[in-house]
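Here are a few exercises to work through with the model open in your viewer. Try each task before you read its solution.

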Amino acid sequence: MLILAATPLGNPLDASESLKEAIRNAKFIAAEDSRKFSRLCSDIGVTYNAKIISFFEGNETERLGELTEILKSGSDLLVVTDAGMPGVSDPGYRLVRAAVDNQILVKVIPGPSAVTTALLLSGMPTDRFCFEGFLPLKKGRQSLLKKLATEVRTLIFYESPQRLVKTLEEFCTYFGEDRDCSVSRELTKRFEENYRGTLRECVNYFSSKTIKGEIV
């Protein structure tokens, strides 16, 4: 069985009992960062005996065959990322596709997600929304923004602190400076911040400060 488990965004208390049990029982765990995974286990008071396999964006394709063979051999495989749900702007989709193609059972242990957490905090419509993840860095970026300019659903993006202000400036250009915006930073962590305003107000606010952490 392929098991995809959500991990806390920052607060260890958000770890579910199902996640803890899955870690304890696993023989193979594909983790985005082994050091962060070990720290998570320490924070939530769980010990593991599983073989940890590195599985991140940079090696996802080359690891796919090895992980699929583990599943085909009859062993369960637990997949976790540094925070949130595997497969959501993190490795996971291709492995699920391989499991489905090989008629291997797939299970999801639900839990924290930065997408829905930030959406609820934004105060914007939640009945219909569009998750775009990280924008392309170069090729296709402008054409995508032009296409999204007419989108009426709430738009959700991920962004790095280094690129936040530049991206917000581009949003002003393509979406209009008066469009409502909410920026969530360091969700569930000690220095969580949620700033709401127009796009131009968000640009002005974040241009005047040092930005750290993961951003939605």
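**Exercise 1: A salt-bridge network**

Glu-169, Glu-177 and Arg-200 are linked in a network of salt bridges. Keep in mind that this is a predicted model. Task: find how many salt bridges the structure holds, then work out which helices the pair Glu-170 and Arg-141 ties together.

Solution, step by step:
- Start with the total: the structure holds 15 salt bridges.
- Now zoom in on Glu-170 and Arg-141, whose closest N and O atoms are 2.6 Å apart.
- Glu-170 sits in helix H7 (residues 164–175) and Arg-141 in helix H6 (residues 141–148), so this pair ties together parts 29 residues apart in sequence.

**Exercise 2: Buried or exposed?**

Task: for the salt bridges Arg-94 with Glu-60 and Asp-33 with Arg-35, say whether each partner is buried, partly exposed or exposed.

Solution, step by step:
- You'll need the cut-offs: buried is under 20% relative accessible area, exposed is over 50%, and partly exposed is in between.
- The side chains of Arg-94 and Glu-60 meet at 3.3 Å, N to O.
- Arg-94 belongs to helix H4 and Glu-60 to helix H3, so the bridge ties together parts that are 34 residues apart in sequence.
- Arg-94 has 42%, so it is partly exposed, while Glu-60 has 8%, so it is buried.
- In the other bridge, the closest N and O atoms of Asp-33 and Arg-35 are 3.9 Å apart.
- Asp-33 comes out as buried because its value is 18%, whereas Arg-35, at 65%, counts as exposed.

**Exercise 3: Reading a sheet**

Task: what is the strand order of the open sheet of 5 strands, and which strands are at its edges?

Solution, step by step:
- The order is E3-E2-E4-E1-E5, with parallel pairing.
- Strand E3 (51–54) and strand E5 (106–109) are the edge strands, as each pairs on one side only.
- From one strand to the next, the twist averages 25 degrees.
- Helix H3 (residues 60–72) packs on the sheet, touching E1, E2, E3 and E4.
- For the E1–E5 pairing, look for 4 bridges; Ile-3 stands opposite Lys-107 in E5.

**Exercise 4: Positive phi**

Task: where do Gln-103 and Thr-188 lie, and what are their phi values?

Solution, step by step:
- Most residues other than glycine have a negative phi.
- Gln-103 has a positive phi of about 55 degrees and lies in the loop between helix H4 and E5.
- Thr-188, with phi near 70 degrees, is in the loop between strand E8 (180–185) and strand E9 (193–198).

Notes. Residues are numbered from 1 along each chain as its sequence is written. This is a predicted model: local features need pLDDT of at least 70, side-chain atom pairs count only at pLDDT 80 or more; totals for chains, interfaces and linings use all residues. Side-chain values use heavy atoms; hydrogens and water are left out. Two strands pair if DSSP finds at least two bridges between them. Helices (H or I, at least four residues) and strands (E, at least two) are DSSP runs, numbered from the N terminus. Axes are lines fitted to C-alpha atoms, for helices over the stretch in contact, and angles run from 0 to 180 degrees between N-to-C directions. Contact means heavy atoms within 4.5 Å. A salt bridge is a side-chain nitrogen of Lys or Arg within 4 Å of a carboxyl oxygen of Asp or Glu. Buried means under 20% relative accessible area, exposed over 50%, partly exposed in between (1.4 Å probe, protein chains only).
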